[in-house]
Amino acid sequence: MSVQPVALIPAQSVPGAIAALYTAPAGVIARIDSLGVCNVGTVPASVTLYLVPSGAAAGPAATTTFGQTILPGQTWNSPNEIGRVLQPGDAIAAQASASGALTISAGGLLVTVS
């Protein structure tokens with residue numbers, strides 16, 4: 001077994017439609033240690049975050065943060081996903097109210113189970 005700190009989601013735009021931004025690979029358990037969203041736009045925008053079990057779809061049952069409004073120039077560090085564990089095939093998904101307005105990044109630990 002090995003434990004490795006990694007960028008689960010390198011900084012990238014949050015899409016306007018629900019999209020998986022990270023999926024835990026086979027043989028790996030991932031723990032989320034940080035997740036931040038920054039509004040790079042000029043108007044308030046909101047983000048919805050999902051922790052999606054393997055084989056499931058992002059929707060109400062997988063929502064961990066719903067419609068969090070972030071002001072222009074503000075960075076919001078989510079407390080809702082910190083410490084959560086993703087089993088192989090589980091995913092972090094996100095959706096922004098306005099495409100291109102928000103960026104997201106997340107870091108954590110990968111534990112290889114063999």
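**Exercise 1.** Work out which pattern the protein chain follows along the sequence.

*Solution.* Reading along the sequence gives β-β-β-β-β-β-β-β-β. The tally is zero helices and nine strands; both are DSSP runs numbered from the N terminus, with helices being H or I of at least four residues and strands E of at least two. Keep in mind that this is a predicted model, where local features need pLDDT of at least 70, side-chain atom pairs count only at pLDDT 80 or more, and totals for chains, interfaces and linings use all residues. Residues are numbered from 1 along each chain as its sequence is written, and side-chain values use heavy atoms, leaving out hydrogens and water.

**Exercise 2.** Find how β9 pairs with β1 and with β3.

*Solution.* Start with β1 (residues 2–13): it runs antiparallel to β9 (residues 102–112), joined by nine bridges. Pairing takes at least two DSSP bridges between two strands. Here S13 has T103 of β9 as its bridge partner. Next, β3 (residues 28–39) pairs with β9, also antiparallel, over 11 bridges. On that side, L35 stands opposite A106.

**Exercise 3.** Is D90 buried or exposed?

*Solution.* First locate D90: it sits in the loop between β7 (85–86) and β8 (91–96). D90 is buried, meaning under 20% relative accessible area with a 1.4 Å probe, protein chains only. Then look for an opposite charge (Lys and Arg positive, Asp and Glu negative; His and chain ends not counted): the nearest such side chain, R84, is 9.7 Å away. D90 has no salt bridge, which would need a Lys or Arg side-chain nitrogen within 4 Å of an Asp or Glu carboxyl oxygen.

Technical notes. Buried means under 20% relative accessible area, exposed over 50%, partly exposed in between (1.4 Å probe, protein chains only).
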